[in-house]
Amino acid sequence: MDELNKFVEVLPDLHHTAVEGLITLVILVVGWSLSSLAAHGVRRLAARSARIDPTVVPILRSVTVWTIRTVVLLAVLARLGVQTASLIAMLGAAGLAVGLALQGTLQNIAAGIMLLILRPVRSGEYVSIAGQGEGTVDEVGLFMTRLIQFDGVHILLPNSSVWGNAVINYSRNASRRLDIAVGVRYGDDLDQAIAALRGLVESRGDDVLRDPAPRVMATEYRDSAVMVNIRVWTPAEKYWDLRFDLYREAVQALQRAGLRTPIPLREVRAVPGAAPAAPGD
């Protein structure tokens, strides 16, 4: 009977504890789900708006998620009776200690913020990071920048490596200059070769910009050929197609003009009166 009375006495406390635990669990589950929905909403909003640079989406998504989750965790701790003020002060001190221990990580975060503010690289641009690698920018995250090489291989670089090295951006300008070197054999008509190559350039139409004007010029003497340089400006998106086409069509244009393909030549002369070399020499 005494045990039953004790159970009846503690029953309200158990009920209160169960209700509080259930409310706390609901807050945690709802808050966590809300953070995921908010992240999904940020991504959808960025996809619909042309004003939002895709480069900032990963960091904006991460900040949104963990801001909501931090607030949820503090609310849960408050429901459990934890003094959040002292907890926040303790977390601040711990954060300082962790920050000192993780200077490299914080450096990557700071570099990521600078990359997003100054935007030397953007999602979809083809860049080369001096001494690190090159590829199309897929994502600038909070800690890492992901590049996709032309062969499909992903490169993950710390943000500090991107920010701390020279960045060559091949996609930022609307046009690029293309130089193709073609050899003309000694003894062939050099003016005829230049005229044939100029005709080839003019036949490319809109692939070659007229300002700056294209040029075809002799630039160098080599052992077996005079080097003629085709220099044109082309829209950036047509650069590689035009490059591959000109390498193929330049030789064909010279052949149609009746010019020969240069091959390495070596002249060997016999010196009169010189003794022939002994067998095995």
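The legends below describe close-up views of a predicted model.

Local features need pLDDT of at least 70 and side-chain atom pairs count only at pLDDT 80 or more, while totals for chains, interfaces and linings use all residues. Residues are numbered from 1 along each chain as its sequence is written, and side-chain values use heavy atoms, with hydrogens and water left out.

**View 1. The protein chain has seven helices and eight strands.**
Helices (H or I, at least four residues) and strands (E, at least two) are DSSP runs, numbered from the N terminus. Of the 281 residues, 27% count as buried, that is, under 20% relative accessible area, with exposed over 50% and partly exposed in between (1.4 Å probe, protein chains only). The accessible surface of the chain comes to about 18,500 Å², by the Shrake-Rupley method with a 1.4 Å probe. Carbon and sulfur atoms hold 60% of this surface. Among contacts (heavy atoms within 4.5 Å) between residues at least 6 apart in sequence, 65% join residues at least 24 apart.

**View 2. Leu25, Leu28, Val29, Trp32, Trp66 and Leu73 make a nonpolar surface patch of about 560 Å².**
Helix 1 (2–48) and helix 2 (57–79) are the elements that give two or more residues to the patch. The largest share, four residues, comes from helix 1. Patch residues have over 30% relative accessible area and no salt bridge, and nonpolar side chains (Val, Leu, Ile, Met, Phe, Trp, Tyr) are joined within 5 Å. A salt bridge is a side-chain nitrogen of Lys or Arg within 4 Å of a carboxyl oxygen of Asp or Glu. Valine 29 lies in helix 1; it is partly exposed, because its relative accessible area is 47%.

**View 3. Three strands form an open sheet in the order 6-8-7, with antiparallel pairing.**
Strand 6 (175–185) and strand 7 (215–221) are the edge strands, each pairing on one side only. Neighbouring strands are turned by 30° against each other on average, direction ignored. Two strands pair if DSSP finds at least two bridges between them. Strand 7 and strand 8 (residues 225–235) pair over six bridges. Tyrosine 221 has valine 226, in strand 8, as its bridge partner.

**View 4. Helix 6 (residues 190–202) packs on the sheet, as does helix 7 (residues 239–256).**
Helix 6 touches strand 6, strand 7 and strand 8, and its direction makes about 20° with that of strand 8. Helix 7 touches strand 6 and strand 8, and its direction makes about 20° with that of strand 6. Axes are lines fitted to C-alpha atoms, for helices over the stretch in contact, and angles run from 0 to 180 degrees between N-to-C directions.

Key: Patches are made of residues with over 30% relative accessible area and no salt bridge: like charges are joined within 9 Å, nonpolar side chains (Val, Leu, Ile, Met, Phe, Trp, Tyr) within 5 Å.
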